[in-house]
2 protein chains.
Amino acid sequence: MAEERAGIFPHPPADTEPHGITMPEICREAGDEAEFIHPADLADHLENLSLEKQVCALRHMPTEDAAEALAELEGSVAVDVLENLDADVAAQIIAEMSPDDAADVLDELDEEHRDVLLDKLDKEDSEELRHLLNFDPDSAAGVMNTELVLLERSFTADEAIAHIRREMAEDKESPYYAYVVDEQDVLVGVLSLRDIMLARPGIRVGEAVAGQSVVSVTYDTDKREVASLLSHYNFLAMPVVDLEGHIMGVVTYDDILDIVHEEASADMLGMVGADPEESVDTPWLESVRKRLPWLMVNLLNSALSASVVYMFEGTIAQMAVLAVLMPMVANQAGNTGQQALAVMIRQLATDRFDQKKAWMAVLREGKIGLATGCIMALAACAGAWGFTGNVTVGGVMGGALLCDMLLGALAGGSIPLIFRALGRDPAQASSIFLTTITDGAGFFLFLGLASLFLF
Amino acid sequence: MAEERAGIFPHPPADTEPHGITMPEICREAGDEAEFIHPADLADHLENLSLEKQVCALRHMPTEDAAEALAELEGSVAVDVLENLDADVAAQIIAEMSPDDAADVLDELDEEHRDVLLDKLDKEDSEELRHLLNFDPDSAAGVMNTELVLLERSFTADEAIAHIRREMAEDKESPYYAYVVDEQDVLVGVLSLRDIMLARPGIRVGEAVAGQSVVSVTYDTDKREVASLLSHYNFLAMPVVDLEGHIMGVVTYDDILDIVHEEASADMLGMVGADPEESVDTPWLESVRKRLPWLMVNLLNSALSASVVYMFEGTIAQMAVLAVLMPMVANQAGNTGQQALAVMIRQLATDRFDQKKAWMAVLREGKIGLATGCIMALAACAGAWGFTGNVTVGGVMGGALLCDMLLGALAGGSIPLIFRALGRDPAQASSIFLTTITDGAGFFLFLGLASLFLF
């Protein structure tokens with residue numbers, strides 16, 4: 001891990017360095033320049049090559065470069081490459097990766113391939129990885145890095161600096177902080193590199209952290225919660241402890257960025273009933289399989305709102321122009337509801353807001369729905385009156401629109417809260433349920449008012 | 001800035017330290033514990049107090065704590081507090097903040113208040129802030145921090161370490177990297193603290209960075225692009241340069257986390273026609289004002305699709321049950337389209353994918369639309385046949401649904417790409433335009449096929 005490069009500066013840790021690596025000559029496409037590129041760019045480049053060339057490139061580049069590139073590859077690409085590399089070469093690359101990245105990749109492999117690779121690692125690495133693979137990948141332990149710098153309380157600042165330099169030379173990833181532990185490895189304090197570099201040489205780290213209240217998470221904390229805490233505190237890393245407070249590892253900001261991106265995608269995709277992890281790289285048949293159930297739910301839901309229309313079939317038969325205006329009511333209330341929905345889902349994603357503030361937010365949506373409803377109702381009333389020449393149709397249109405928009409705003413605001421209270425994902429398919437409500441109510445209000453006042 | 005706390009360790013930089021600060025006794029609510037809390041938590045706590053207590057708390061706590069808390073407050077709260085503090089106290093707090101945070105807060109103030117505060121700062125601080133305030137807040141320069149550690153090429157590693165310690169002691173925020181510059185301050189290399197701590201003492205930093213290709217952004221780069229690059233490379237900070245390559249500042253990961261959150265909200269809110277920056281804290285009348293234009297667009301769009309229904313008024317008058325089934329076609333295709341839309345918008349947010357890959361993704365959505373369309377069409381056909389007892393109605397339903405779902409998938413996939421090509425935000429109101437297409441086409445296909453085959 002700690003091989004020297006060019007004899008001047010040691011090889012930097014994989015994640016945070018703007019230094020480049022080279023792709024081996026024999027595997028490059030014609031026309032590629034032989035220049036140093038960053039592992040992330042190399043991974044992008046590899047993803048555009050054939051599997052054969054990917055495997056060739058990884059086999060021929062220095063193991064440490066291959067490890068960095070593999071960590072940056074899309075999960076499915078990394079799996080293909082690993083399955084097609086000689087197991088010995090693959091195991092060497094895995095051994096070179098940071099344990100959290102290695103565990104992520106191994107987690108994607110089928111069990112047979114995974115065991116083959118794990119058996120080829122040395123005992124310590126393989127036990128470590130098997131340990132990490134046991135944790136829920138969505139928990140703090142599932143994303144944590146186990147390479148961290150620990151300081152005993154009795155260390156002086158000078159001893160601490162010497163210790164950190166030794167640990168850095170062993171290529172512990174990202175030593176943003178050093179964690180101070182007691183004799184039982186219970187976490188008692190956190191020091192930044194800056195704290196330590198500027199400390200009075202003789203001071204003991206135990207004294208330095210006395211009185212600190214350390215922010216940490218337990219290993220089973222949901223990774224989204226970890227991301228939220230790290231964003232909240234602007235930390236570079238969050239220590240992970242077991243239930244007795246022993247330090248187990250650390251979740252770093254780069255993993256958090258990935259989690260935040262994932263979460264944002266999950267919310268938007270979930271809202272409309274797509275799989276939270278779907279991307280344009282998902283095989284299309286898998287997307288079909290995952291979207292179908294929600295499309296089926298949507299069809300049944302829309303059958304439900306259609307049954308409202310069916311109740312008023314006679315009304316429509318008498319005055320077909322109602323079928324022209326009816327979808328406008330539903331559509332407009334649906335849009336209002338989606339605006340409320342989007343605001344609430346994002347709020348839940350970025351803030352851990354309490355019950356009271358949550359329902360104040362629903363009230364706020366209600367006020368917005370009422371105000372926009374009044375204005376749009378006037379516009380729609382005038383339009384419908386002008387279009388049909390029938391003032392009652394205008395009134396029915398306006399009244400139905402106002403009520404349905406208010407309902408849409410309240411429903412959009414409260415659906416995510418209700419889902420959350422039921423222990424469900426606040427976003428999942430919320431748009432589908434919202435539309436059922438706004439469609440059903442819109443049809444009922446419009447046709448109901450029409451049959452009351454028009455005939 | 002560099003005041004010592006408790007004589008042991010210097011005060012940590014605002015952003016990344018898990019140390020606590022205390023809220024002054026006289027401003028606390030009854031029942032609050034007097035304990036050290038993190039500035040981010042203090043800010044949360046302050047946000048729940050009355051303006052009077054907020055002002056009182058900030059006035060009585062140490063200036064450096066107030067500066068940290070102010071940087072963490074919601075923009076609108078920070079403005080209220082600043083406007084109600086004595087200008088002298090407010091200016092002291094501003095002076096203590098890191099320049100990027102200070103500029104963010106000042107940017108929210110009205111010009112008059114801002115000038116009063118700037119005039120109270122010492123000349124250097126005020127010029128620096130006026131300089132920062134000139135930049136577009138959505139550009140790299142608008143979010144960059146100007147306190148950074150520069151190393152001359154001629155420094156030895158030992159000189160570099162001594163220089164960095166001096167700079168740290170002056171409380172330059174977050175020295176994750178030191179930037180190596182030539183005589184004209186042109187950026188020529190980047191070294192991590194780790195690189196420097198482990199370097200051979202006599203080596204010159206100029207040699208150490210020889211051959212590096214440094215990743216940097218120009219000052220006018222969109223902050224979303226900076227976020228995307230920083231996520232891509234997993235850097236802790238991205239240097240910002242002017243057009244001649246002179247270093248101007250650095251955008252750090254904590255700002256990036258905020259940008260990523262903002263961007264995710266902007267996409268989701270924009271998609272349904274809400275203001276990208278809206279949250280539950282936005283005054284409701286402002287939300288009304290900002291949502292109304294898109295609701296109006298939505299109403300006009302739905303009038304457009306309603307006009308399709310109007311073309312077939314006669315058909316509906318002959319067979320009112322068509323009005324029952326018609327919204328189901330539109331609704332289902334709309335949901336299909338939104339799934340495609342969400343996948344594409346998130347892809348554009350997290351990946352800078354090229355034209356070819358983009359259209360392959362649309363093709364993928366087309367295949368998914370065709371496959372799910374066939375299955376849902378069969379279900380809908382059977383349902384409609386069973387419901388009406390008329391096999392032709394079933395066939396019309398199935399045929400219209402299949403075509404509209406395919407269209408919805410293709411439209412959902414391509415709308416964000418078309419918007420992007422037109423230089424628009426790919427997300428903005430995309431859902432509204434999508435629904436117009438799927439509604440209009442759904443009504444036309446269903447009623448058109450019905451009038452062809454049923455009468």
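In strand β4 of chain A, the bridge partner of E152(A) is V181(A), strands being DSSP runs of E with at least two residues, and helices runs of H or I with at least four, both numbered from the N terminus. Altogether 3 bridges join β3(A) to β4(A), which covers residues 177-181, and these two strands run parallel; two strands are said to pair if DSSP finds at least two bridges between them. The model is a predicted one, in which local features need a pLDDT of at least 70 and side-chain atom pairs count only at pLDDT 80 or more, whereas totals for chains, interfaces and linings use all residues. Residues are numbered from 1 along each chain as its sequence is written, and chains are lettered from A and ligands numbered from 1 in the order in which they are written.

The two strands of chain A belong to an open sheet of 3 strands with the order β3-β4-β5 and mixed pairing. Its edge strands are β3 (150-152) and β5 (187-192) of chain A, each of which pairs on one side only. From one strand to the next, the twist averages 35°, where axes are lines fitted to C-alpha atoms, for helices over the stretch in contact, and angles run from 0 to 180 degrees between N-to-C directions.

Chain B likewise contains an open sheet of 3 strands in the order β3-β4-β5, with mixed pairing. Here β3(B) and β4(B) run parallel and are joined by 3 bridges, and L151(B) stands opposite V180(B) in β4(B). On the pairing with β5(B), by contrast, β4(B) runs antiparallel and is joined by 5 bridges; Y177(B) has S192(B) as its bridge partner, and A178(B) stands opposite L191(B). The strands β4(B) and β5(B) form a hairpin with 5 residues between them, and D185(B) in the turn has a positive phi of about 65°. Strand β4(B) is mostly covered, with 4 of its 5 residues buried; a residue is buried if 20 or more other C-beta atoms, placed from the backbone, lie within 10 Å of its own, exposed if 12 or fewer do, and partly exposed in between.

Chain A as a whole has 20 helices and 8 strands. Its radius of gyration, taken over C-alpha atoms, is 29 Å, well over the 23 Å that the globule rule (2.2 Å times the number of residues to the power 0.38) gives for 455 residues, so chain A is more spread out than a compact globule. Along its principal axes, the C-alpha trace of chain A spans about 90 × 60 × 40 Å, and 53% of the 455 residues count as buried.

Between the chains, 105 residues of chain A are in contact with 105 residues of chain B, a contact being two residues whose C-beta atoms, placed from the backbone, lie within 7 Å. Helix α17 (residues 321-350) of chain A gives the most to the side that touches chain B, with 19 residues. The residues of that side divide into 60 nonpolar, 29 polar and 16 charged, where Ala, Val, Leu, Ile, Met, Phe, Trp, Tyr, Cys and Pro count as nonpolar, Asp, Glu, Lys and Arg as charged, and the others, Gly among them, as polar.
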